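Subject: Structure handover

Hi,

Here is the structure I promised to pass on.

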Amino acid sequence: MKYDDENIFAKILRGEIPCKRIYEDDFVLSFYDINPQKKIHALVIPKGKYIDLDDFIQNASPDEMVGLLKGINIVAKKLGISVDTGKGYRALSNISEHGGQEVPHLHFHLFGGERVGKMVE
Ligand code: AMP
């Protein structure tokens with residue numbers, strides 16, 4: 001599958017669509033989910049064009065991989081949900097059809113601010 005440059009997160013990265021930005025650096029952009037499922041629901045996306053986690057693992061550079069993982073931790077700290085700043089959270093990435101992925105640009109959901117509940121429905 002080819003990366004779709006017209007997906008909504010690509011448009012957010014290009015600044016064509018606004019977002020409620022939480023954090024940004026060379027590797028990631030983080031913003032609030034438009035349809036929050038928990039008290040805190042943030043998204044962390046890599047700046048590179050990766051469709052999903054499988055694509056990222058196979059094709060991203062080591063710097064991009066470290067950048068994304070560190071970005072998740074930085075955002076969790078900023079939101080006060082990391083283990084050292086709060087009570088924890090769930091980081092989740094849906095992958096393709098059976099994973100229930102809707103937007104074909106890799107993203108991690110960060111859910112927190114309350115008990116997140118069962119892992120899967
Ligand atoms: P997924 O099903 O894992 O692909 O999740 C896609 C997520 O993107 C959903 O939770 C949507 O609510 C969220 N979303 C879609 N459009 C936007 C947007 N413009 N800004 C912020 N979040 C969005």
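This is a predicted model: local features need pLDDT of at least 70, side-chain atom pairs count only at pLDDT 80 or more; totals for chains, interfaces and linings use all residues.

The buried residues of helix H3 are Gly67, Leu68, Gly71, Ile72, Val75, Ala76 and Leu79. Buried here means under 20% relative accessible area, exposed means over 50%, and partly exposed is in between (1.4 Å probe, protein chains only). Helices (H or I, at least four residues) and strands (E, at least two) are DSSP runs, numbered from the N terminus.

Residues are numbered from 1 along each chain as its sequence is written, and side-chain values use heavy atoms, with hydrogens and water left out.

Back to H3. What do its buried residues pack against? The partners are strands E1 (21–24), E2 (28–32), E3 (40–46), E4 (89–92) and E5 (108–112), plus helix H2 (53–59). As for length, H3 has 18 residues (62–79) and should span 26 Å at 1.5 Å a residue, which agrees with the 26 Å between its end C-alpha atoms. The expected span is 1.5 Å times one less than the number of residues. After H3 comes Gly80, with a positive phi near 70°.

Now the core. The largest nonpolar core has 18 residues, and Val44, Leu68, Val75 and Leu79 have the most contacts inside it. E1, E3, H3 and E5 are the elements that give it two or more residues, and H3 gives the most, with five. A nonpolar core is a set of buried Ala, Val, Leu, Ile, Met, Phe, Trp, Tyr and Cys residues joined through side-chain atoms within 4.5 Å. Leaving aside neighbours within four places in sequence, Leu68 is in contact (heavy atoms within 4.5 Å) with Val28, Val44, Ile45, Pro46, Phe56, Leu106 and Phe108.

With 121 residues, a compact globule would have a radius of gyration near 14 Å, and the chain's 14 Å agrees; the radius is taken over C-alpha atoms, and the globule rule is 2.2 Å times the number of residues to the power 0.38. The C-alpha trace spans about 40 × 30 × 30 Å along its principal axes. Of the 121 residues, 39% count as buried. Residues 24 or more positions apart account for 52% of the contacts with a separation of 6 or more.

Two residues to look at separately. Glu24 lies in strand E1 and is partly exposed, at 34% relative accessible area. Not counting residues up to four places away in sequence, Glu24 touches Leu29 and Lys47. Ser96, in helix H4 (residues 96–99), has a positive phi of about 60° although it is not a glycine. Most residues other than glycine have a negative phi. Ser96 counts as partly exposed, at 41% relative accessibility.

Cheers
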